[in-house]
Amino acid sequence: MKNLIFLLLILLPLNVFAELRIDITRGNTEPIPVALLKFNSNSNEEGKISTKINNVVSNNLQRSGLFKVLPQETFLEKNIKFSDTPTFSNWKLTTSQGLVHGRLSFKRNQSLVIEFRLWDVFSEKQMVAQQLTTEISNWRRIAHVISDIIYKRITGESGYFDSRIVYISESGPKSNRKKRLAIVDQDGENHKFLTDGSYLALTPRFSPAAQEVAYLSYNNRIPRIFILDLATGFQKILGDFPGMTFSPRYSPDGKKLIMSLARSGNTDIYEINLKTQKLNRLTRYDGIDTAPSYSPDGNFITFESDRSGSQKIYVMNLKTKKTKRISFGSGKYATPVWSPRGDLIAFTKFLNGEFYIGVMYTNGKGERVVYRSYLVEGPTWSPNGRVLSFYSQAKLSEGKITAPKIKLIDLTGVNLRELITPSDASDPAWSSLLP
Amino acid sequence: MTKGLFKSITLHFGILLVFLYGAEIFKQNKRFEIYEIPLEIVDVSDQTVNKTDKLKKKSKKSLSKNQFFSPPKPKSKPSPPDFSLKEKQKKEKLKKIDETPKQKKEKKNRMDSILKSIEKIKQDNQKSLEEKDDEKIEDKEEIKEVRLGEKLTISEKDAIRRQFYRCWIVPAGAKDLKNLIVSIRIKLNEDGEVVNTKLLTDSKLKNPFFRAASESAMRAVNHPECKKLQVPKKKYETWKEIILDFDPSQSLN
């Protein structure tokens, strides 16, 4: 009897494991087809705003590379009441996997009220139902917010559409190149110049709340870090130290700023408390330590150094001050930037006459190239750590070099876009999601 | 001198033997490796059916040559008496129940009938010897099919995978891809159509990345192009329930 029970115990699990199991390790990386119905409205004015919002949302999702917005002509239903459930069989025929519809109305000719739903067509389930209210003039931002909600619900990751990019706008001949600070929405709209071009501006960086920009200026011929308040336009010089300060970057809590300070031929990394202006020296090395960037938890920094004989990337634990080299590939590594998601470090690499933008895990493993060109430099992360922006110049077949332009690329390295700017552009810095 | 020659010949012969023996083992290993690869690609069940067909033909040829057996008869002929026999037996059984008190009187008659039936069986055996041989082969064929039907071949599994490759949009750029493996149990009807789906890894749905990954896998399972799977009908018992593990971690390689 005992033996029988023992046998049964042995055989039972075998029966369980006999179930057919198939692993699907590959799929396609094509964009997810989505259908965006224009929000229903009651007046002409409302209809115009509805069309504009539809265009902005559509453009955002399409540019992300993760979505394919289907043309309205393919829709079998042109209008769905906000309170109705769509006829899913009609939408399945369009191959769309997500469906957005809603209604828009003005309240007392001042505020804009939008209610919308997102449906999973294949699973026939509602994913989102939300109401948003804002001023009518703020329609563009509400369109970005709607895009972020759709993006987040489908990918699981917070969006990046309601954000801005600050960059250096370049114009004029090489001998007298004007470099101005400029700001633009991530989709290339709402362009504004922040400085007049009377002095050189370089390497701008956003504060975590996206209210301030720290940048390097050659005002009075001495390179200094300036801090510009975006709301008031007021700016101030950061500290007054002997020597040259450059490559600034804010700490995640916005209370400190990390930068390089060059004194008598030696460049080291310093942290400055923005309230007390107290300096804290982080590296002590005879060569060049520069381009520091904080980890999102503020416990580590990554920076480039030539202490091993050539430019490589290092990570320092700020509590223990222990420093570890993480890049071991051939070539020169520079401008490391910690992803806001915390999992990756983006960098610029120079190897065999070509520049690369790449990413690696924070321990240096899994190095992967996402873009390469004649000159590419200065990667900056989108607020969700999913897209990289940088500037690049290509070499044409006749030997000519193209003007610098800002590019955006998805982390997979597949979806490359250009940020349309009125003139040449370099040194982009991406803000966090706007408050 | 002759002793030396003898020694050298035996030594050389020995070395040759060792070499041949060693080479044989080496060859066997190679054969084993080569043997495994076609198993992965060839649809084994189809092949085995063909093999049995060949066997059947061969055996029929040999039977016709053999003079001990009379020429084969069609299967349908012997079956009607069988049915009638069965019916008779059934009737007899019913009678047995009804006529229990008369059993003693009819004992002799029953013995006679048993003897008669034995004779009949002997005759039938002689007549249907060839048919039995054929049936044996058919039985073997059935057994083989059932055995192979227990598992899907690798190529059959690959066909299912390929179908899902088209339907599944991988959450490629998401964080911690290794932890985003989604398991879904699907139930299929005999036509291979997905009739029921259940998410097995539903405990992690609070994580927005995992929820998005689960939904992307669910969309693949509900995709019109994957609503009907390309599965071998004969093996329905094997694939009527499948657990699909959607693993996006290798998608960036």
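Helices (H or I, at least four residues) and strands (E, at least two) are DSSP runs, numbered from the N terminus. This is a predicted model, where local features need pLDDT of at least 70 and side-chain atom pairs count only at pLDDT 80 or more, while totals for chains, interfaces and linings use all residues. Residues are numbered from 1 along each chain as its sequence is written, and chains are lettered from A and ligands numbered from 1 in the order in which they are written.

View 1. Chain B has 8 helices and 3 strands. Follow the sequence and you get the pattern α-α-α-α-α-α-β-β-α-α-β. Of its 253 residues, 14% count as buried (20 or more other C-beta atoms within 10 Å of the residue's own; 12 or fewer makes it exposed, anything in between partly exposed, with C-beta atoms placed from the backbone).

**View 2. Helix 6 of chain B and its buried side.** This helix covers residues 154-167, and its 14 residues reach 20 Å from first C-alpha to last, close to the 20 Å expected at 1.5 Å a residue (expected span: 1.5 Å times one less than the number of residues). Its buried residues are E156(B), I160(B), F164(B) and C167(B).

**View 3. Where chain A meets chain B.** Chain A puts 28 residues into the contact and chain B puts in 38 (two residues are in contact if their C-beta atoms, placed from the backbone, lie within 7 Å). On the chain A side, strand 1 and helix 4 (139-155) each supply at least two residues, and strand 1 gives the largest share, with 5. By class, that side has 7 nonpolar, 9 polar and 12 charged residues. Here Ala, Val, Leu, Ile, Met, Phe, Trp, Tyr, Cys and Pro count as nonpolar, Asp, Glu, Lys and Arg as charged, and the others, Gly among them, as polar.

View 4. Strand 1 of chain A runs parallel to strand 3 (residues 241-246) of chain B, over 5 bridges; strands pair if DSSP finds at least two bridges between them. Look for R21(A), whose bridge partner in strand 3 of chain B is I243(B).

**View 5. The two domains of chain A.** Domain 1 takes in 32-155 and domain 2 takes in 164-430, with bounds from an automatic or database domain assignment. Their centres, taken over C-alpha atoms, are 36 Å apart. In the contact, 5 residues of domain 1 meet 6 of domain 2. Helix 2 (residues 44-64) gives the most to the domain 1 side, with 3 residues.

**View 6. Two hairpins in chain A.** Strand 11 (residues 212-217) and strand 12 (residues 224-229) pair antiparallel over 6 bridges, with E212(A) partnered by D229(A). In the 6 residues between these strands, N220(A) takes a positive phi near 60°. Strand 12 also pairs antiparallel with strand 13 (residues 235-237), over 3 bridges, and L228(A) has Q235(A) as its partner. In that hairpin, with 5 residues between the strands, G233(A) takes a positive phi near 80°.
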